[in-house]
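This report describes parts of one protein model, beginning with a charged side chain and ending with a sheet. Please keep the structure in view while reading.

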Amino acid sequence: MTTDEQWREHPEHKGYEFSSLGRYRSTRTSNILRASIAKSGSVTAEVRPGGVRVRNSLGKLILETFGGPQPEGKKLTHRDGDVGNNELSN
């Protein structure tokens, strides 16, 4: 695991930054936000761009932030098989 954490703002969800180590925060407060665990075991993040609540896979949001939109027909996978590990390297 790397200790060099990089933060970037999500291209669509302005006001939220996602990290290469699998965390997210509000740019308004810089507070790390708490992700939720879905029944499937995957980690979900809740953002409120424009006051509208949006919940999505934290891994998907991190990939969109660092790599752009998910290509059509492609599925998000985790290299180590752990859906709770949302580090960019995974």
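## A partly exposed arginine and its partners

Arg48 has a relative accessible area of 44%, so this residue counts as partly exposed. The model is a predicted one. The side chain of Arg48 meets that of Glu46 in a salt bridge, with 2.9 Å from N to O.

Glu46 also forms a salt bridge with Arg53, where the closest N and O atoms are 3.7 Å apart. Arg53 has a relative accessibility of 53% and therefore counts as exposed, since the class begins over 50%. Salt bridges link Glu46, Arg48, Arg53 and Arg55 into a network. For the structure, the count of salt bridges comes to six.

## A buried salt bridge and a ring

Another of the salt bridges joins Glu17 and Arg25, and their closest N and O atoms are 2.7 Å apart. Are these two residues buried or exposed? Both Glu17 and Arg25 are buried.

Arg25 has a further neighbour to look at, Trp7. Arg25 lies over the face of Trp7, at 3.9 Å from the ring centre.

## The aromatic pair

How many aromatic pairs does the structure hold? There is one. Its members are Phe18 and Tyr24, whose ring centres are 5.5 Å apart. The planes of the two rings stand at 5°, so the pair is stacked; the cut-off for stacking is under 30 degrees.

Both residues of this pair can also be described by their accessibility. Phe18 has a relative accessible area of 0% and is therefore buried. Tyr24, with a relative accessible area of 2%, is buried. The limit used for this class is under 20%.

## The sheet and the helix on it

Strands of a sheet pair through backbone hydrogen bonds, in either a parallel or an antiparallel way. In this model, three strands form an open sheet with antiparallel pairing, in the order E4-E5-E6. Strand E4 (36-37) and strand E6 (54-57) are the edge strands, each pairing on one side only.

Helix H1, made of residues 58-67, packs on the sheet and touches E5 and E6. The direction of H1 makes about 85° with that of E6. Within the sheet, E4 pairs with strand E5 (residues 43-47) over two bridges, in the antiparallel sense. Which residue in E5 stands opposite Ser36? The residue is Thr44.

Conventions. Residues are numbered from 1 along each chain as its sequence is written. This is a predicted model: local features need pLDDT of at least 70, side-chain atom pairs count only at pLDDT 80 or more; totals for chains, interfaces and linings use all residues. Side-chain values use heavy atoms; hydrogens and water are left out. Two strands pair if DSSP finds at least two bridges between them. Helices (H or I, at least four residues) and strands (E, at least two) are DSSP runs, numbered from the N terminus. Contact means heavy atoms within 4.5 Å. Axes are lines fitted to C-alpha atoms, for helices over the stretch in contact, and angles run from 0 to 180 degrees between N-to-C directions. Rings of Phe, Tyr and Trp (its six-membered ring) pair if their centres lie within 6.5 Å; planes under 30 degrees apart count as stacked, over 60 as edge-to-face and the rest as tilted. Buried means under 20% relative accessible area, exposed over 50%, partly exposed in between (1.4 Å probe, protein chains only). A charge sits over a ring if NZ of Lys or CZ of Arg is within 6 Å of the ring centre and within 35 degrees of the ring normal. A salt bridge is a side-chain nitrogen of Lys or Arg within 4 Å of a carboxyl oxygen of Asp or Glu.
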